[in-house]
Every structure is written in structure tokens, then in C-alpha cells.
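Please look over the structure shown here before reading on.

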Amino acid sequence: MFKLKIKTFLRKNYPNLYEIIKIIYSRIIFKRKNNIKFSGWGLTTTQSPPWIGTSKNKTYIGFKNAKDILYNKIKQNKFYLSQFYSHPEIKNFDDVIEMFEQLDYRHYIIYYSALLAFENTHSRNIVECGTCDGLTIFFSIAKYKEDNNFKAYLYDSWSEMKSEHLLTKKEKEKAGDYKYLNIDTTKKNLSDFQSNLIFNKGYIPEVFKNSDNPKNISWLHIDLNSSMPTQESLKLFYPILEKNGVIVLDDYGWDGFEETREVVEDFFIDKKITFLHLITGQALIIKR
Ligand SMILES: C[S@@+](CC[C@H](N)C(=O)[O-])C[C@H]1O[C@@H](n2cnc3c(N)ncnc32)[C@H](O)[C@@H]1O
């Protein structure tokens, strides 16, 4: 009761101080008090995440290298995260890094899925539907760049989401999202791999008709925040995914993305796959 009174008093009379105390508490004190080793994007654990400390494990080493390279690029302004900077809570560089690190578990899964596909398929083509600034694809490329001939086919509208691609009332609330995106930012972010990238700009599914699409693929990531384009992406790319190829679905297990979950489950009902719903909300699928 006393704590609540102080909180109310501070919030009312010293709103700036209140915000600072809130940040310090949630970022430092709460984590220490509860022995929290990782927290971010809906996932909190008291167990050390796999990339902390040292290890001889190649997933650890590969992920850690990729993360360090990207961290330095962000720090040197060579990788611009417009998605983060447009977030209302992001005010400065430290906030950007904090948000980047909160995504570690998701990026670790991306790196692992790429390693799995790279080692178990012959194709060196990878696809991402929903590329945004190029953040997630960076972790898959970190593995595929070991073969100079890899090709990354990147699909995105790099423009606002439109009502016509969103099915339900709830989905339609996303119309207008990602207005700030610019394909040139993504091209610049990924410029180290320029000759290996195929940019297909436009709305899914329409864009598929006029795109430079691959004939076979090893790895597929779908992160479109919408069900119908997710379904259409699966329809196009699943048949050309090689046996043992891997799919990661970013939105499958997220509360609020029930439409996506439904189309995904309907799609795979008669397919020969191994399906893993991860605690991050992602789904990892291996074609058998
Ligand atoms: C959550 S973001 C992707 C994040 C990204 N994977 C990353 O690296 O952080 C969703 C993306 O899907 C794109 N998108 C949504 N609906 C689309 C559609 N129908 N066609 C093409 N792109 C779409 C948006 O422009 C946005 O870049």
C-alpha cells in the first residue's frame, strides 16, 4: 500500500523521475533480484542462454560470430534498424542495442535452422518473406555465406501493409504498419552480400507473378504478420523446398496471430514434416 502511494505520488508530481526509476528497476534491479539470465520478446528465463560463456559447440560459435559482427555494424551505423527507431519506446542507441539483444533467442533459432538446412540439403538458395531491414536474414546468411554461390531471395513490400491482404477485423488493424520502410536501407545493410541477393519488392501474393523466383530452396523464413500472405508463401515455396529443408515461421505461436496459426496448421495437415512449436513463438519445420 505504502509502495503504491509513493508510486502514485512520483508519477503525478515527478513524471520524468518516475520513468527513469521504472526503467532502472525493470532493466537492472528486477533481473538481479530474480536471477533472470535472459528476458525479451515475451520470453524470460533463469537459465543461462546458449550463447553466454564459452563453448566448443559450432552453433554457439557461429551464432556468436554473427551476433558480434552485426553488433559492430549497428554500433558503427553500418546497419540501420528503421523498425526499431520507429518504435515509440526507442529513444537512443542504448535502447536499440537492448531491443537487438532481446531478440537473441529468436536469432539463435534462425542461425540454428540455417545450419541445419545448410548441412542437410544441396540447394544453396534461401528465401525470406518479410525482410524489413534485413535483420533476421543476416543470421541465415551468416551460415550460407560459407558457400560463395548462395542466393538469398528476399520478398517484401517495403511499404505499408494494406487492408486487402488482411482478412479479419483484428488483422485489418495492422493496415498502415511498416509505412516507414525503405528498400535502400535494407540494400545498404546487406551490401556485403550484394551479388548473392535477389530483391523482390511488392505485395505477396501478387509480387510472386513477376518476381525472380528460385527453382529449388534449402531454407525458408516467413515473417509477414498476416495469414493470407503466409499461406500463399507456403503454397509457392513448400513444393520447391528440398527434402530435409527447413522452414521457420516467426508468427505461428504468437497470441494475437491465431489466423496465421490456423492457415499454417491446415496447410501442413497432409504434409510429411517434423513440426516444433518453440517457446519463442516461432515454429521450426523440417521437410521429410
Ligand atoms: C515483422 S516484419 C519482418 C521482420 C524481419 N524479418 C526482421 O528482420 O526483423 C514484417 C514484414 O512483412 C512485410 N509484409 C507484410 N505484409 C506483406 C505482404 N503482403 N507482402 C509483402 N510484404 C509484407 C512488412 O513490410 C514487414 O517488413
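How many of the ten residues of helix 7 (residues 135–144) are buried? This is a predicted model, in which local features need pLDDT of at least 70 and side-chain atom pairs count only at pLDDT 80 or more, while totals for chains, interfaces and linings use all residues. Residues are numbered from 1 along each chain as its sequence is written.

Helix 7 is mostly covered, since ten of its ten residues are buried; a residue is buried if 20 or more other C-beta atoms, placed from the backbone, lie within 10 Å of its own, exposed if 12 or fewer, and partly exposed in between. Helices (H or I, at least four residues) and strands (E, at least two) are DSSP runs, numbered from the N terminus. The buried residues of helix 7 pack against helix 3 (58–75), helix 6 (104–120), strand 3 (125–129), strand 4 (151–156) and strand 6 (217–222), where contact requires C-beta atoms, placed from the backbone, within 7 Å.

The largest nonpolar core has 50 residues, and Y111, A114, A152 and L220 have the most contacts inside it. Helix 6 gives the most to this core, with ten residues. Such a core is a set of buried Ala, Val, Leu, Ile, Met, Phe, Trp, Tyr and Cys residues joined through C-beta atoms within 7 Å. Leaving aside neighbours within four places in sequence, A152 is in contact with residues including I137 and I141, both of which are buried in helix 7.

The ligand is surrounded by 19 residues, the closest being G130, C132, L135, T136 and I204; each has its C-beta atom, placed from the backbone, within 6 Å of the ligand. L135 and T136 are also among the buried residues of helix 7.

K272, in the loop between helix 11 (258–268) and strand 8 (273–277), counts as exposed because it has 9 C-beta neighbours inside 10 Å.

Note on methods. Two residues are in contact if their C-beta atoms, placed from the backbone, lie within 7 Å.
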